[in-house]
Amino acid sequence: MNVDQSLTLQRAAAEFADAFVVMRDAFMAASEDEWTGGAVIAHTDPAGYLETIRSWSEGKNLPPDWCPADCYLIFADDVVVGQLDIRHPLTGHLRQYGGNIGYHVHPGYRNRGTATWALRSALQMLEAKGVAEALLTCAHDNAASIRVIEKCGGRRIADSPRRRYLISTSSRS
Ligand SMILES: CC(C)(COP(=O)(O)OP(=O)(O)OC[C@H]1O[C@@H](n2cnc3c(N)ncnc32)[C@H](O)[C@@H]1OP(=O)(O)O)[C@@H](O)C(=O)NCCC(=O)NCCS
């Protein structure tokens, strides 16, 4: 099933805390924690977490070695099914770990094209900012993310310390 038609992006904001918590708890139930390290506040203060990542777009409250980031929640109707982060301009750290675009999708909503749709949306937004090529990084054993990146035209340029891909923002095939 493909849910492209009903997907929308909303900037992270405290008003979405209740919907965000449903997704966060689904990750935890699947023994996946996307909110460790500097993001652990997502467990104790979800509204504060969403406001913090919202402020990253203004260059405020950034993790060490990070650049400004536009953080979105991915909605399927009124359900939060994922998160999309777009980072620009990259720091040296993000060139090795993280790249321009990060995403994760609710375990109950995978393999429906959500991450592919989100990545294509991110590429479009980076193109609008004048970025010709986006850098993506990925673990070697993350088969789903590798598939998403390669479906969107990713060209593998390095394997260490993570797989790194470049994608032309104008050809989001
Ligand atoms: C990676 C992730 C974002 C993919 O989200 P998604 O919405 O399921 O992705 P899509 O549905 O757009 O595409 C997934 C593709 O991977 C394929 N896939 C899934 N599991 C796979 C596996 N184990 N081996 C090979 N391909 C696989 C799917 O078949 C699909 O390809 P297709 O469209 O050709 O059939 C999601 O698995 C996730 O959130 N993982 C944890 C966080 C994470 O890894 N984020 C990325 C960090 S780089």
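**Exercise 1. Find out how the ligand's oxygen and nitrogen atoms are held in this predicted model.**

Start with Arg-147: one of its polar side-chain atoms sits 2.7 Å from a ligand oxygen. That is a polar contact, meaning a pair of N or O atoms within 3.5 Å. Next, take the side chain of Arg-110, where an N or O atom is 3.4 Å from an oxygen of the ligand. Then go to the backbone of Tyr-103: an N or O atom there lies 2.9 Å from a ligand nitrogen. Finally, look at the cover: of the 970 Å² of accessible area that the ligand has on its own (Shrake-Rupley method, 1.4 Å probe), the protein covers 69%.

A word on the ground rules: residues are numbered from 1 along each chain as its sequence is written. Local features need pLDDT of at least 70, side-chain atom pairs count only at pLDDT 80 or more, totals for chains, interfaces and linings use all residues, and side-chain values use heavy atoms, leaving out hydrogens and water.

**Exercise 2. Which helix gives the most to the shell around the ligand?**

First, get the whole shell: 20 residues surround the ligand, each with a heavy atom within 4 Å of it. Now list the elements that supply at least two residues each: strand S4 (101–105), helix H5 (114–128) and helix H6 (143–151). H6 comes out on top, with six residues.

**Exercise 3. Is Ala-144 buried, partly exposed or exposed?**

Locate Ala-144 in helix H6. Its relative accessibility is 49%, so Ala-144 counts as partly exposed (buried is under 20%, exposed over 50%, partly exposed in between; 1.4 Å probe, protein chains only).

Notes. A polar contact is a pair of N or O atoms within 3.5 Å; within protein, one must be able to donate a hydrogen and the other to accept it, and residues adjacent in sequence count only if both atoms are side-chain atoms. Helices (H or I, at least four residues) and strands (E, at least two) are DSSP runs, numbered from the N terminus.
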